[in-house]
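Let's take a look at a protein chain together. Have the sequence and the 3D view ready, and we'll go through it piece by piece.

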Amino acid sequence: MGNNPRAIFSLFLVVAICAAILITPGIAHDDKAPPRSQFPPDFPIDLEKCWSSLFNTQGCVFELLKSVFSGQFGNVGVACCKAFSTIDANCWPHMFPLNPFFPPLLKDNCAHIVPNSPTTK
């Protein structure tokens, strides 16, 4: 990898996203108490809600990760585009803080894949 800052950044981003995906919230909770969010109650955006439609769509998170790292959107399928189009635009800066240009680019690409998807939300 050498001293290439882009490669180091990409490696850091992969590790951070993998850690976020592999850590399952609520593993150690009391069955009597409802599961609590990992985020403080005063956090402005419910990130679990933001990511839920993507995690509930088979393979969608993987498709998005491939697109983030390759810069190509051909890996994103119809089901993932539909799930992505349901996400509130207020979630995007919190979901993709290191790449603010990714959500609008993906949304534009998904508009061609799923013609009836909304262009703004």
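Which residue follows α3, and is its phi positive or negative? Gly71 comes after α3, and its phi is positive, near 75 degrees. Keep in mind that this is a predicted model.

## The overall picture

The chain has 6 helices and 0 strands, so reading along the sequence gives you the pattern α-α-α-α-α-α. Of its 121 residues, 27% count as buried. The accessible surface is about 8,400 Å², with 61% of that belonging to carbon and sulfur atoms.

## Inside helix α3

Helix α3 covers residues 60-70. Its buried residues are Cys60, Val61, Glu63, Leu64, Leu65, Ser67 and Val68. Here's a handy rule: an α-helix has 3.6 residues a turn, so residues three or four places apart point the same way.

## Three sulfur links

A search of the whole structure turns up 3 disulfides. Cys50 is joined to Cys91, S to S 1.9 Å. Cys50 sits in helix α2 and Cys91 in the loop between α4 and α5, so this pair ties together parts that are 41 residues apart in sequence. The link is left-handed, with -70 degrees about the S-S bond.

Next, Cys60 and Cys80 have their sulfur atoms 2.0 Å apart. Because Cys60 lies in helix α3 and Cys80 in helix α4, they tie together parts 20 residues apart in sequence. This link is right-handed, at 65 degrees. Finally, Cys81 pairs with Cys110, S to S 2.1 Å, linking helix α4 to helix α6. Cys81 is buried, at 1% relative accessible area, and Cys110 is buried too, at 2%.

Note on methods. Residues numbered from 1 in each chain as written. Predicted model: local features only at pLDDT ≥ 70, side-chain atom pairs only at ≥ 80, totals over all residues. Heavy atoms only, no water. Buried < 20%, exposed > 50% of the residue type's maximum accessible area, 1.4 Å probe, protein only. Helix = DSSP H or I, 4+ residues; strand = E, 2+ residues; numbered from the N terminus. Areas by Shrake-Rupley, 256 points an atom, 1.4 Å probe, with all protein chains shown as cover. Disulfide = S-S within 2.5 Å.
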